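Visitor: I would like a close look at a single part of this protein, with its surroundings described in one go.

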Amino acid sequence: MKPIDLSKFSKSLTKSMPNISVGFKDPSTWIHTGNYALNYRVSGDFHKGFPLEAKMTLLAGESGSGKSFVASGNIAKWCQDYGVLPIIIDTENALDESWMRNFGVDPNGNIMKISANLIDDIAKIMSDFIKEYKDTYSDTPYEDRPKVLFIIDSLGMATTNVEVEQVEAGNIKGDMGRKQKQL
């Protein structure tokens, strides 16, 4: 039996669908979390932390457990130190300049903070940025493109249009899973 030519299939697939990729790509950039034990737990290496390229990392935990400290503090500081643009979408409008400065983050430096709490708005912000990024850097070799990291603090506090409409109408009830579907 003749084996399937996967390279031929991969080429035709990526040619017909340019927004997909085929194959494995290990990250080359790791974001130090500011905590060696957390780095090791996440990556298996005390000096690595979260992968930067084409990965999504979710920090989950109780209120006050340090998620914002790690994400909007330590990781944003690391981004500034290593030339990565952190774009922080703050759904709670909780981040202020003095809090960021306490973590060594320069709020007037290479950083963008956006206040948005609707899931639709967050998706549009990210989609518009990524489209513009692709349009601008499509001819630039991958390794020469500027690196960007989106930080959403906190995705769990983001709301849906339906939730807002219900609150405004004084009708507080469950959203029947709409939020989970939008996320």
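Visitor: Which residues of helix α3 are buried?

Guide: This is a predicted model, in which local features need pLDDT of at least 70 and side-chain atom pairs count only at pLDDT 80 or more, while totals for chains, interfaces and linings use all residues. Residues are numbered from 1 along each chain as its sequence is written, and side-chain values use heavy atoms, with hydrogens and water left out.

The buried residues of α3 are Val 70, Ala 71, Ser 72, Gly 73, Asn 74, Ile 75, Ala 76, Trp 78, Cys 79 and Gln 80. Buried means under 20% relative accessible area, exposed over 50%, and partly exposed in between, using a 1.4 Å probe and protein chains only. Helices (H or I, at least four residues) and strands (E, at least two) are DSSP runs numbered from the N terminus. The cover over these buried residues includes β1 (30–31), α2 (36–43), β2 (50–51), β3, α4 and β5, where contact means heavy atoms within 4.5 Å.

As for its geometry, α3 has 15 residues and reaches 20 Å from its first C-alpha to its last, close to the expected 21 Å; the expected span is 1.5 Å times one less than the number of residues. At Ile 75, one of the buried residues, α3 bends by about 25°. That bend is the angle between axes fitted to the seven residues ending there and the seven starting there. Gly 83 follows α3 and has a positive phi, near 75°.

Next comes the sheet. Three strands form an open sheet in the order β4-β3-β5, with parallel pairing; two strands pair if DSSP finds at least two bridges between them. Its edge strands are β4 and β5, each of which pairs on one side only. Neighbouring strands are turned by 20° against each other on average, direction ignored. Helix α3 (residues 67–81) packs on this sheet, touching β3 and β5, and its direction makes about 165° with that of β5. Helix α5 (residues 119–137) also packs on the sheet, touching β3, β4 and β5, and makes about 180° with the direction of β5. For these angles, axes are lines fitted to C-alpha atoms, for helices over the stretch in contact, and angles run from 0 to 180 degrees between N-to-C directions.

Strand β3 (residues 84–90) has six of its seven residues buried. Seven bridges join β3 to the parallel strand β5 (residues 147–153), and four bridges join β3 to β4 (residues 112–115), again in the parallel sense. Ile 89 stands opposite Ile 152 in β5 and has Ile 114 as its bridge partner in β4. From β3 the chain crosses through helix α4 (residues 97–102) to β4 in a right-handed β-α-β crossover: with the strands pointing away from the viewer, the path from the first strand over the helix to the second runs clockwise.

Most residues other than glycine have a negative phi, and most peptide bonds are trans. In the loop between β3 and α4, Asn 93 is not a glycine but has a positive phi of about 50°. Asn 93 counts as exposed because its relative accessibility is 57%. The peptide bond from Asp 153 to Ser 154 is cis, with omega near 10°, and Ser 154 lies in the loop between β5 and α6 (161–168).
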